[in-house]
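Have the sequence and the 3D view ready, and let us walk through this structure together.

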Amino acid sequence: MAGGFRRGLVHVFGVPLRLLDDLGRQASFYGQALAWTPKAVKDYKTEQVRLIAEVGMSTGALAVIGGSSIITLFITLFAGVTGGVQTFDALKNLQLEALGGFASAIITPRLLTPIVAGAALAATVGSGFTAQLGAMRVAEEIDALEVMAVRSLPYLVTTRLVAGMITIIPIFAMAMVGGWIGWKVTQVNFFGLSEGTFNHYMNTFMQWQDVMFAFAQAVGIAIVIILIHTYYGYTASGGPAGVGQAVGRAVRTSLIAVMTIELCIAMALYANSDAFRISG
Amino acid sequence: MAMISLTRIATPIGNFFAFTLDTFVAVFRRPFQWREFIQQTWFVASVSLGPAILLGIPFVALVTFQFNLILSELGAIDLSGSGSGLATITQIGPVATTFIIAGASSTAICADIGARRIREELDAMMVLGIDPIQRLVVPRMLATALCAFLLNGVMILIGLTGGFFFAVFLQEASPGQYVDSMKLLVGFADLVHGELRAVAFGVVGALVGCYRGMTCAGGPRGVGNAVNETVVYTFLALFPLNILLTQVPYSLGIVGGNH
């Protein structure tokens, strides 16, 4: 009786402690992965180049439909069309549909691309890494690497981190262009907004600073997604079913982390910026 | 070469539609699996609710923050309620529900069904004369649809309250004006429109998860890849679907334009 009570108590108070334990393990994993960057860049050049190609193009079934870059472009294109449809209707209620280009210039770099492309990258690049590393862990390939005196962390994790950070910029640029094209095609070609009006408001309110800030968010997103996804893959357990669960858990965590990190970066960059001037 | 890659794309898509048709037929076959339905609703809700709340708060804060920057530049910060209401009910709620359905619900469903597939439980069911589509897929599809409906409600609630706190306490909008202007651009029809879209997203997400789980290859790479592809395909399916379901009611004049 007393034993059962104590076990119950240990269980109840153990939950936050285990959570803390897990957080600590993640933090030390992330710290190590980042600290190995010079070694990974210097020693594993071939693997690095292979991974850069893989991040952009993906492998397996996803490569058939164009790889992560095309998938991200496709998704932001459709998100741009949605934005075009929705803002056109809202602005029409206020008799302001001429301002469609203004909405596109502001919303695409500040909200649409970071949120949608961030989620698309977590889904394509990130969960692909979890599946790969999880399969390697379960098939004991990672242990085999260690036995052969190859440090698995820089060889598998840090190389992926560097590859992700290099590849995200072109992917993100494509995604942003996709968002603009979707938006413009919808409002100009489908809803008959005059192209000159659209371009005028778009060019007036488009700021290179917003685009730069979006890329700052992109690099933050890349680091967070790849660290989280490689962690869950690297520590997967429980056979093939465990790999599937690890991928699911990694996607859930990284979607939350992507939104949080974007909010933090956006607040840090935009909060006191006075580059946005309408009233002079 | 091009032919081969075309078949590689077209065959799974065709199979998926056949699978969807089978599922819709099986919905009406009795007996309905109530126990599985309730368990799955609980399961989907338990994997989705936490991520939904944690994802919803920064998502909404991000949008409200940017929108309010523009409004305060125009000196119209008191209108922030209308922007918050419009953005949350028409797009943020359904899109955030999309993220949760793709990222949390359908991945969990795919991992579960995939594990059953590689342990040959599905084959065992078929040998026993039990149809896995009726027994496993139909309850999961309906459970996810129900959860998507409820999750969209949670998202809207988070959106409106989060937007309120962000606008009033951090960006100095007036609370009364916020609440008052909330109804300026959206109405009841938009709410129903958003909820119906969320239900459609739930159905599609669950179907993709179940299909990819039931067709996953063996070995440790098989289930992992299946879950990875589930997230990607769900995103790929839901964004175009969102446009279709957003635009069609506007074109038909069911929602919008009546404020």
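The largest nonpolar core has 105 residues. A nonpolar core here is a set of buried Ala, Val, Leu, Ile, Met, Phe, Trp, Tyr and Cys residues joined through side-chain atoms within 4.5 Å. Buried means under 20% relative accessible area, exposed means over 50%, and partly exposed lies in between (1.4 Å probe, protein chains only). The residues with the most contacts inside this core are Phe172(A), Leu55(B), Phe59(B), Phe99(B) and Phe235(B). Helix H6 of chain A, residues 100-138, gives the most to the core, with 19 residues. Helices are DSSP runs of H or I with at least four residues (strands are runs of E with at least two), numbered from the N terminus. The core also draws at least three residues from each of domain 1 (1-35) and domain 2 (37-270) of chain A, with domain bounds that come from an automatic or database domain assignment. In soluble globular proteins, nonpolar side chains tend to be buried together.

Before going on, a word on the model: it is predicted, so local features need pLDDT of at least 70 and side-chain atom pairs count only at pLDDT 80 or more, while totals for chains, interfaces and linings use all residues. Residues are numbered from 1 along each chain as its sequence is written, chains are lettered from A and ligands numbered from 1 in the order in which they are written, and side-chain values use heavy atoms, with hydrogens and water left out.

Now find Phe235(B). Leaving aside neighbours within four places in sequence, Phe235(B) is in contact (heavy atoms within 4.5 Å) with Ile75(A), Ala119(A), Ala123(A), Phe99(B), Ala102(B) and Pro240(B). A second, separate core has 29 residues, including Val27(B), Val44(B), Met125(B) and Val203(B).

Next, is Ser68(A) buried or exposed? Ser68(A) has a relative accessible area of 0%, so it is buried. This serine sits in helix H5 of chain A, residues 67-93. Not counting residues up to four places away in sequence, its contacts include Gly56(A), Met57(A), Val125(A) and Ile171(A). Thr124(A) is another residue that Ser68(A) touches; the two are 56 residues apart in sequence, with C-alpha atoms 5.6 Å apart in space. The side chain of Ser68(A) also reaches the backbone oxygen of Val55(A) at 2.3 Å.

Let us turn to charge. Side chains of opposite charge can pair when their charged atoms come close. A salt bridge is a side-chain nitrogen of Lys or Arg within 4 Å of a carboxyl oxygen of Asp or Glu, and the count comes to 14 salt bridges over all chains. One of them joins Arg50(A) and Glu54(A), with the closest N and O atoms 2.9 Å apart. Both lie in helix H3 of chain A (residues 45-57), four residues apart, which is about one turn of the helix. Arg50(A) is partly exposed at 43% relative accessible area, whereas Glu54(A) counts as buried at 12%.

In chain B, Glu36(B) and Arg140(B) meet in a salt bridge at 2.9 Å, N to O. Glu36(B) lies in helix H2 (residues 34-73) and Arg140(B) in helix H5 (residues 132-170) of chain B, so the pair ties together parts that are 104 residues apart in sequence. Glu36(B) is buried at 16% relative accessible area, and Arg140(B) is buried at 0%. Salt bridges that share partners join Glu36(B), Asp112(B), Arg116(B) and Arg140(B) into one network.

Terms used
A polar contact is a pair of N or O atoms within 3.5 Å; within protein, one must be able to donate a hydrogen and the other to accept it, and residues adjacent in sequence count only if both atoms are side-chain atoms.
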